[in-house]
Amino acid sequence: MEYLIHIAILAVIYGILGIGLNLVVGFTGLLSVTHAAFFGIGAYATGILLTNHIADFWGSLGLGMLIAAVLALIIGLVLSRFRDDYYALASFGFNTIVFALFLNLQDITRGPLGIPGIPRPEILGYSFGENFSFLILALIFLAAVYFFSKWLTESSFGRVLKAVREDERAAQVFGYNTFYFKLAIFSTAAALAAIAGSLFASYITFIDPSTFTLHESMFILAVIIFGGLASLRGSIVGAVALILLPEILRFVGFPAEIAAQMRQVVYGLVLVLLMLYRPRGFFGEYKF
Amino acid sequence: MDILPQVLVNGLIAGSLYALVALGFNLAYGATKFFNLAHGALSVVGGYTALAVLRDLGWGLGWAIVIGILMSAGIGWLLDKFIYLPLRKRKASNMVLLVASLGAFTAIQAIIAILFTSQFQTLLAGESKIIDLFGYAVVTGVQLSAFVTVAVVGLGLYLILKFTRFGKAVRAVSDDGEVARIVGIQTDKIVGTVFLIASGLAGLAGILIGFDTGLEPTMGMSLLLKGVIASIVGGIGNVYCGIAGAFLLGIIENLGVWQFSGEWKDAIAFGLLIIFLLFRPKGIFKN
């Protein structure tokens, strides 16, 4: 039971990450592979502020979102110069640079040692120390992120995003400054990723840079491509499926070391097969 | 002894390994116009195949290198045949091809890690000979042979592209695949052969790295990205500008490592990429 709750919490966290990334990749058509950087910023904000008793969980959550959003504005400014595959490539670069910062700013992040002993969130003296209560908390966040994103994508703002995806030039002709729209959604997605990061840090209670590599960004990309681009529901399904699939392999009897690699094999093959046979994923409305 | 010459020599050695990756990557990019991320995984395949032949089968060095190159060439060809070619036939966008190659990359790297563990392993038995360069800098024998290999391979490729029928066909396909098809060039076959050669070069790079610094299943991504950065810095799609870009990248990286620390190496490389993408997207030689 405890194990199932653990899997469920991970699926919820990746669901939040997926929804955020889908706003950028699925709805706006920008192939960003740097989401793990913002995930990491949320996690480090919570880790650093909580272990140094500077702020409580909620304060660190807010600050993490703010830092991620501001950083995304700066990164987005540079990325706005690129399109399609060059955009993807440049976004690789930013993930690598942010990862190098986590690893090398040792005075702040403790570098490869990581930050242990991050406490669980508390509200009015009630601690979410039990995994089950933490799952409820995570689900509340997922629901909030889901409905926020649903509202956003169904608003007039969301319609402009889809117009950018389908034909950016046309959207510009109609008088929309697509530059600001792309920046805004990239920043929003980064803030949502920071929420997932804060949850992750206080759930696992230990973070180190190795969680926030380019590979993690690719995994999140696989989650949303699997579930379907421009489908919020699909992102949650994708997260559940891609978290669950390797766990099943573990039950079949692979040892832990190999099971971790099998996860990579599985999502690599999933990406290839999806591109070959169903590039829009399971619930997707849009394909590249 | 002043350290600068040594830093520059290290840069040239690193640059020659990046150049091998960039050569193959650029060749394939020229013919297909998409970023084949699986290219990095093929270096890993080459390096580990050589390791298996050398250590587990106990065959000689020559066999290890030849079989390593053939293995990565073969897998590269299969990737094109069963993944990229069907996608190109369907006129899939570059993004679809990019994501598919990303998937192939991830799967291949993990399979290698399962077969050979994630441990760091080296192809070199014992110490490599140290060669003194006139008292200014030192290189190992392996590093010097890597440098020479790149020069030979680069020249060989140049001659093939310039003077053979196959070379002409490759250039025609790189210019315009549709037109090449119309005038009767078997585009798919040519692209397949290009993948074969490009992947073989990637494998060779992996083997040289196995002798120089050692193998890790995860080395593919950083190697690939260095190759891509070198290609873009030099001018993408142009095989020879890629070599120049590789040497520039190798030298700047090593200057950076000297001034800051080794941990920043990848960040420096990507900083260079982003600067070039912003200010000189067509590479150092073109405006």
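How do α1(B) and α8(B) run relative to each other, roughly parallel or roughly antiparallel? They pack at an angle of about 165 degrees, and α1(B) and α8(B) are therefore roughly antiparallel to each other. This is a predicted model, in which local features need pLDDT of at least 70, side-chain atom pairs count only at pLDDT 80 or more, and totals for chains, interfaces and linings use all residues. Residues are numbered from 1 along each chain as its sequence is written, while chains are lettered from A and ligands numbered from 1 in the order in which they are written.

**Two helix pairs in chain B**

- Helices here are DSSP runs (H or I, at least four residues), numbered from the N terminus.
- Helix α1 (residues 4-32) and helix α8 (residues 187-212) of chain B have their axes 8 Å apart; axes are lines fitted to C-alpha atoms over the stretch in contact, and angles run from 0 to 180 degrees between N-to-C directions.
- Angles under 35 degrees count as roughly parallel and those over 145 as roughly antiparallel.
- The crossing of α1(B) and α8(B) is left-handed, a term used if the near helix is turned anticlockwise from the far one by less than a right angle.
- Residues that make this contact include B:Leu17, B:Phe25 and B:Ala28 of α1(B), along with B:Phe195, B:Leu201 and B:Ile209 of α8(B); two residues are in contact if their C-beta atoms, placed from the backbone, lie within 7 Å.
- By class, the contact of α1(B) with α8(B) has 19 nonpolar, three polar and no charged residues. Ala, Val, Leu, Ile, Met, Phe, Trp, Tyr, Cys and Pro count as nonpolar, Asp, Glu, Lys and Arg as charged, and the others, Gly among them, as polar.
- Helix α2 (residues 38-57) of chain B packs with α4(B) at an angle of about 20 degrees, their axes 8 Å apart, so α2(B) and α4(B) are roughly parallel to each other.
- The crossing of α2(B) and α4(B) is left-handed.
- Among the residues in contact are B:Val44 and B:Tyr48 of α2(B), with B:Phe105 and B:Ile108 of α4(B).
- The contact of α2(B) with α4(B) divides into ten nonpolar, three polar and no charged residues.

**Where the chains meet**

- Chain B brings 35 residues to the contact and chain A brings 34 residues.
- On the side of chain B that touches chain A, α3 (61-89), α4 (94-116), α9 (219-234) and α11 (265-279) each give two or more residues.
- Of these, α4(B) gives the most, with 16 residues.
- That side of chain B has 27 nonpolar, six polar and two charged residues.

**A covered helix and a buried serine in chain A**

- In helix α4 (residues 84-104) of chain A, 15 of the 21 residues are buried (20 or more other C-beta atoms within 10 Å of their own; 12 or fewer is exposed, and in between is partly exposed).
- A:Ser202 lies in helix α9 (residues 178-204) of chain A and counts as buried because it has 24 C-beta neighbours inside 10 Å.
- A:Ser202 and A:Arg120 are 82 residues apart in sequence, yet 5.0 Å apart in space, C-alpha to C-alpha.

**Two positive phi angles**

- Most residues other than glycine have a negative phi.
- A:His53 has a positive phi of about 55 degrees and lies in the loop between α2 (35-51) and α3 (57-79) of chain A.
- With 8 C-beta neighbours inside 10 Å, A:His53 counts as exposed.
- A:Thr205 has a positive phi near 70 degrees, and with 15 C-beta neighbours inside 10 Å it counts as partly exposed.

Conventions:
Angles under 35 degrees count as roughly parallel, over 145 as roughly antiparallel, 65 to 115 as roughly perpendicular and the rest as oblique.
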